[in-house]
Amino acid sequence: MAQISLKVNGRVRMVDTDAATPLLYVLRNDLELKGPRFGCGLGQCGACAVILDGKAIRSCITPVNAAQNRAITTLEGLGSSANPHALQRAFVEEQAAQCGFCMNGILMNAKALLDKNPSPTADEIRTALDPILCRCGSHLRVIRAIQRATAYA
Amino acid sequence: MKTRAIPRRELLKNSRALVVSFSLFGPATRALAQQFDTLPLPPGSNPYNNPDYLDPTSLDSWLAVMQDGSVTVFTGKVDLGTGIQTALAQIVADELDVRFDQIHMAMGDTAKTVDQGRTAGSNTVMRAGPQLRHAAAAGRAELLKLAAARLEAPAEKLVVAEGVVRVDGSPAKKVSYGELLGGKRFNVKVAAKGIQTGLDVAPEAHVKDFKEYKVVGTSVPRVDLLPKLIGEFTYTSDFRVPGMLHGRVLRPSTVLSKPASVDKNSVRGIPGVVKVVQEGSFVGVVAETEWAAIQAARALKVTWSTPVAKMPATADEVDSYLANTQSFVDTVVVNRGDADAAFSAASKTFEATYHWPFQNHGMMGPSCAVADFRGDKVTIWTGAQGTFTTRDRVASMLGFPKRNVEVNFVEGPGCYGRMVCDDAAEDAVLMSRAVGKPVRVQWMRADEHAWEPKGPQQLMTARAAVNAQGHITAWEFTGRTFPWTEAQGTPQLGERQIGQKSTAPLPGSPVGGGAIEQIYDFDSQKVVGSYVDWPQDEPTPLRTNPLRSPGEPAGFFASESFLDEIAASLQVDPVQFRLRHLSGNQRATETLLAAAKQARWKDRPAPAGPSAGPKAAGRGVALAIRGRTLIAAIAEVEVDKTTGNVAVKRMTIAHDCGLIINPDGLKFQIEGNVIQGTSRALMEEVKFDATGLKSLDWKSYPVIRFKDIPEVESVLISRPELPALGAGEPSIVPVPAAIANAIFDAIGVRLREAPFTPKRVLTALRANGALPAAMKRPSPEISGT
């Protein structure tokens, strides 16, 4: 076990855990966050995505010690019900989720995309989100919602 | 008679006797077709008439009025991520005359809701909708009775809006529902008969005419989306109880035999491991942390004994088994007219066989449940489609009265039929019982891919006779498949591992494609759904369950491809050819024409003809029915003749499901069905061999991704005079056929086996010569005589 310091959504949090534990389990079980989700544990689906130093990464295959003292943003860090992020607002307006289980990965990757490219084309969005799986078929609304969000930024 | 490019039928004819790798079982006639949304019950039994069930004749079982005037609606149905709670709330809001935001839905908890049957079969709005509407109408009448007494006015003088009752003409005289009944019970009986989806609630209650609806028919935004999008929503996998431990199961990705040895020392060094649970053939680990449970499950050395059951080596072997094994039931959907006369008088006859593979539901999150076993009671939190089914199975497994098992619904990832069978709940119960503490079990990805019950492989054969006028005079269609065993109340994985025997299967609903008789008016028709038993002494990863619109995407792939093959052979436009056989079916005609108009369909026969360059464009149409919902699909594809890759560019859907509750919600269901259907048609196929399952993650079982998503256009045909007929599944049904027909239009090659992978396209092109000259021949591989 090791004392590990994490900077999550702007707050410093100390956790006592095995340093090899994937970041996902620490965020979900030690810090009780519900945004990042377990989908595959293999880095294949994107449901576990968080933003680490500005880059969307797969927390299910990232050991917690690799995230030590680096800025981690989770879905909770994007916005709240009182003050949703432009993306969250646009996704509600476009009604762009069905079961919503994959939406963490989609939103975190969309955020990373908009941070680099504030007005992406539909093709650029498709390319950026291609590694993220969605099974309900919300893709078309997701593309529209991201484009809508650019107007709010 | 020409030889077809894909001689599957010949393969089946020639396959020698029966395949030895399957355990064989004599034919038996069993019960008649059973909908999997209603469990088998003894005839005449009333499951509600005992303390295991909430009483549907009590109005308080359905509605509770709060002091603030809001209304909680209790329903045994659950929201699987389709937004159904929003649709049901719209129905109740209209009937009760309250605002939509005054309705709160309480769903699925076995101790708090009436068993209305599983959430399956696109039946929630269709069946539970009227049940809740009538309960709400009875509630409104009761509230008006109370208001009449309070306001000292006759009930017929009262008007209601937003849950406030006023005396017509004296607006100052008013009282709210909250003031009338807030926090108190109705203590009123309503009539109720039937069970589950067939339950008839308060039939005498006066319900509104559709012309009075204010909330139904509008695109009310979904109530669950913001919490889901900001990380506040609690999915099954987020659910926690104090003192909870973490469990993982160990199951090989092949026949589930008995463990010959379990080396408990192999997990000694892992801190936090609480127990290695072994009961019968069930093996699991429980640990204080999730990561410890995962590490322990990986480290635990288990040697599995030589299996008794066997896996088939190939999909062809399974087809041979389907073709050559006596079916245990043949559901004759229709058998009318004189086929023999039609065939002997025919100017052309046609015959073809189609194949559909095992497919996954592919939940984005694997199975997960929490169980808390306490002495003679157990509480479960799960995302099951049938919480009462989970309860009954667990009660049976433990030998408990049903009332001692409480199952609470916590929404999981979209499941598309998978959660009709709730394996993780049983796993969690077994492990909680073993350690005496609440246990959360989550399957790993390979567990889910291996052990989710699959949508079964299907084999379909069709024959038709056509007269000199180019009219189909005889149509014979047989679909052969396995019953959806895991949905039928048979013991599931955990139970079977601790020694309960699998029960005999029941047939599912008529094999997909059977409902074609409800669309076309062929003079002679014989449609049969045949179910082949597949008993296994041990569970195999090819166990079967309903998968979104069970059987029908495959069935209509066969029947609507076959129709297209005939149209092409006759050199008739595919839309016109269908119209030729739709006389008298106004809804089907209008649905087909609506899609054709929206897609700017121009009449001409398929195929389109030679294309310049490596890419060929094509369009294809398919018409289908699911329940009473009609759907027409027009696919536009681009086929790369050098790589074999099929890109679906656009799908147009015309959809008639009667009364539309929420137009935007319906459009979204259509988009989802088209995208999932495109994925299933183009790339989804469970891979296996004699050693076990080979599709164990998203790389070995690819599904569609953002770059390949087609544009979707939908035409919603509104028929408010009809009941709401169901929309969660129907629009997936015509998608594979429309794509197959569009591929033929593009390259002149017919694919009779799904999925339409680049390899299959290239193989078919090669078999066909792949020459532009060959493409000028209409339907070159069809067996027209």
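The following paragraphs lead the reader through a predicted model with a chain A and a chain B. Residues are numbered from 1 along each chain as its sequence is written, and chains are lettered from A and ligands numbered from 1 in the order in which they are written. Local features need pLDDT of at least 70 and side-chain atom pairs count only at pLDDT 80 or more, while totals for chains, interfaces and linings use all residues; side-chain values use heavy atoms, with hydrogens and water left out.

Helices (H or I, at least four residues) and strands (E, at least two) are DSSP runs, numbered from the N terminus, and two strands pair if DSSP finds at least two bridges between them. In chain A, five strands form an open sheet with mixed pairing, in the order 2-1-5-3-4. Its edges are strand 2 (11-17) and strand 4 (55-58) of chain A, each of which pairs on one side only. From one strand to the next, the twist averages 40°. Angles run from 0 to 180 degrees between N-to-C directions, and axes are lines fitted to C-alpha atoms, for helices over the stretch in contact. Within this sheet, strand 1 (residues 2-8) and strand 5 (residues 71-73) of chain A run parallel and are joined by two bridges. V8(A) stands opposite I72(A) in strand 5 of chain A. Helix 4 (residues 103-116) of chain A lies across strand 3 (49-52), strand 4 and strand 5 of chain A, and runs at about 25° to strand 3 of chain A.

The next topic is the meeting of the two chains. Contact means heavy atoms within 4.5 Å, and the contact takes 61 residues from chain B and 52 residues from chain A. Together the chains bury about 5000 Å², with 57% of it on carbon and sulfur atoms. Buried area is the accessible area (1.4 Å probe) that two parts lose on being put together, summed over both. L229(B), M364(B) and F706(B) supply 19% of the area that chain B buries against chain A, more than any other three residues.

In chain B, strand 16 (residues 368-374) has two pairing partners to consider. Four bridges join strand 16 of chain B to strand 19 (residues 439-442) of chain B in an antiparallel arrangement, with V370(B) opposite R440(B) in strand 19. Six bridges, also antiparallel, connect strand 16 of chain B with strand 17 (residues 377-382) of chain B; here the bridge partner of F373(B) is V378(B). Strands 16 and 17 of chain B form a hairpin with two residues between them, and G375(B) in the turn has a positive phi of about 60°. Six of the seven residues of strand 16 of chain B are buried. A residue is buried under 20% relative accessible area, exposed over 50%, and partly exposed in between (1.4 Å probe, protein chains only).

Aromatic rings come next. Rings of Phe, Tyr and Trp (its six-membered ring) pair if their centres lie within 6.5 Å; planes under 30 degrees apart count as stacked, over 60 as edge-to-face and the rest as tilted. By this rule the count comes to 20 aromatic pairs over all chains. One of these pairs, Y53(B) with F388(B), is stacked, at 6.1 Å centre to centre and 10° between the planes. Y53(B) is in the loop between helix 1 (8-14) and strand 1 (63-65) of chain B, whereas F388(B) is in helix 9 (residues 387-398) of chain B, 335 residues apart. Y53(B) is buried at a relative accessible area of 10%, and F388(B) is buried at 5%. Elsewhere, ring pairs link Y321(B), F358(B), F482(B), W534(B) and F688(B) into a cluster.

Some backbone details complete the account. Most residues other than glycine have a negative phi, and most peptide bonds are trans. Y416(B), which is not a glycine, has a positive phi of about 55°; Y416(B) is buried, with a relative accessible area of 12%. Q571(B) also has a positive phi, near 55°, but Q571(B) is exposed, with a relative accessible area of 52%.
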